[in-house]
Amino acid sequence: MTPVLRGGVWLWYVPAFRAVSASAIAAEAHSVGASGVIIHEVGAITSTLRWLAVNGRALVGLDVAVAIGSMGKDPWKRHLADPCVEALRAGYRVVLDAESAWDVAGGRDSANRVVDTVLDAVSDARGRVADCAWRKPSSHAGFPIREFGRLCVTRYPQEYLDVSASSGMQADGACAAGMALSRVEYPALGSPASTVLPTVRGYARSTQDACGFALQEPHQLVYTGSRPDKANELRPEVARGLRAAAKIRAAGLATIADYQRSAGLKPDGAIGPKTLGALAL
């Protein structure tokens with residue numbers, strides 16, 4: 001299976017939620033070893049395409065894709081299908097970020113209309129469009145996984161499990177647990193486990209979890225957030241974990257413990273001060 005997006009880490013930004021420069025996006029992406037960036041717009045794509053036309057040169061060395069957030073089943077054509085066609089015709093690959101807007105009566109019929117409209121307009125659309133459901137099927141029963149599967153050959157479920165009220169963090173290992181369940185549940189809805197790849201938080205996660213999961217899942221989408229006060233924020237803990245994973249992988253090693261052995265450290269698999277120091281982080 002060839003993913004819609006080239007392998008590696010992709011950082012996902014929503015410039016309209018909080019101003020962020022293309023040069024800052026590029027610098028952050030390069031610093032964590034990302035292979036691409038996703039630029040997101042809700043219910044449209046024209047502003048994103050204009051932004052990329054003006055700022056695209058600053059993203060040199062990075063793959064670029066666009067994401068379209070759903071405004072719901074009404075009006076599905078203007079807010080999702082038509083923007084998808086516009087982006088494909090402009091030469092971009094597309095991620096459909098259609099979350100709980102589809103958990104409504106008629107949502108599945110509207111999803112089929114989106115797929116039919118896109119496929120009728122762009123003959124090679126299948127293979128250039130992915131989707132991004134809210135977690136695994138059993139926790140998001142309304143999402144039209146089977147319907148969008150006619151168009152989307154890669155599925156990037158959001159492995160966003162609950163954040164602890166006391167720590168403000170998602171539990172270490174939660175992303176891995178979520179992905180294991182997603183890969184069990186998607187095949188029953190027509191998508192092989194090999195086509196299911198993770199979308200994870202670029203915030204509310206520890207360095208340990210970010211590093212370990214990036215080693216386990218080298219191709220993942222990292223969403224940088226959309227809260228008005230924290231939009232487009234890649235937390236330092238997550239950035240450090242992604243940089244550590246990139247360095248470990250560049251050394252030809254598969255796990256944190258493998259790196260620790262090579263560096264003469266206790267191979268406990270923990271990203272502590274000695275391991276970070278050895279990694280120059």
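Are F143 and F148 buried or exposed? In the predicted model described here, both F143 and F148 are buried.

Strand 1 (residues 9–13) is largely enclosed by the rest of the structure, because five of its five residues are buried. The side chains of a regular strand alternate between the two faces of the sheet. In strand 1, V9, L11 and Y13 point one way, W10 and W12 point the other way, and all are buried. Strand 1 runs parallel to strand 8 and is joined to it by four bridges; V9 has Q220 in strand 8 as its bridge partner. Strand 1 also pairs with strand 2 in the parallel sense, again over four bridges, and here the bridge partner of W12 is I38 in strand 2. Between strand 1 and strand 2 the chain crosses through helix 1, and this β-α-β crossover is right-handed.

Strand 2, helix 2 (residues 46–55) and strand 3 make a right-handed β-α-β unit. Strand 3 (residues 63–69) is mostly covered, with six of its seven residues buried. Four bridges join strand 3 to strand 4 (residues 94–97), and the two run parallel. Along this pairing, A67 stands opposite V95 in strand 4, and the bridge partner of G69 is D97 in strand 4.

A search of the whole structure finds three aromatic pairs. One of them is formed by W12 and Y223, which are edge-to-face, at 5.6 Å centre to centre and with 85° between the planes. W12 lies in strand 1 and Y223 in strand 8 (residues 220–223), so this pair ties together parts that are 211 residues apart in sequence. Both W12 and Y223 are buried. A further pair is that of F143 and F148: the ring centres are 5.8 Å apart and the planes stand at 40°, so the pair is tilted.

Helix 6 (residues 174–185) and helix 7 (residues 207–216) pack at an angle of about 35°, with their axes 9 Å apart. On the helix 6 side the contact involves A174, C175, A176 and M179, which meet D209, F213 and Q216 in helix 7. By class, the residues of this contact of helix 6 with helix 7 divide into five nonpolar, one polar and one charged.

Several loop residues were also examined. S167 lies in the loop between strand 6 (154–155) and helix 6. The relative accessibility of S167 is 46%, so this residue counts as partly exposed; the cut-off for exposed is over 50%. S167 and P218 are 51 residues apart in sequence and 26 Å apart in space, C-alpha to C-alpha.

Most residues other than glycine have a negative phi. A204, although not a glycine, has a positive phi of about 60°. A204 lies in the loop between strand 7 and helix 7 and is buried, with a relative accessible area of 8%. N232 is a residue other than glycine with a positive phi, near 60°. N232 is found in the loop between strand 8 and helix 8 (236–250). With a relative accessible area of 8%, N232 is buried, because buried means under 20%.

Notes:
Residues numbered from 1 in each chain as written. Predicted model: local features only at pLDDT ≥ 70, side-chain atom pairs only at ≥ 80, totals over all residues. Heavy atoms only, no water. Phe/Tyr/Trp six-rings, centres within 6.5 Å; stacked < 30°, edge-to-face > 60°. Buried < 20%, exposed > 50% of the residue type's maximum accessible area, 1.4 Å probe, protein only. Right-handed = clockwise from strand over helix to strand, strands pointing away. Pairing = 2+ DSSP bridges. Axes fitted to C-alpha atoms, helices over the stretch in contact; angles between N-to-C directions. Contact = heavy atoms within 4.5 Å. Nonpolar A, V, L, I, M, F, W, Y, C, P; charged D, E, K, R; others polar.
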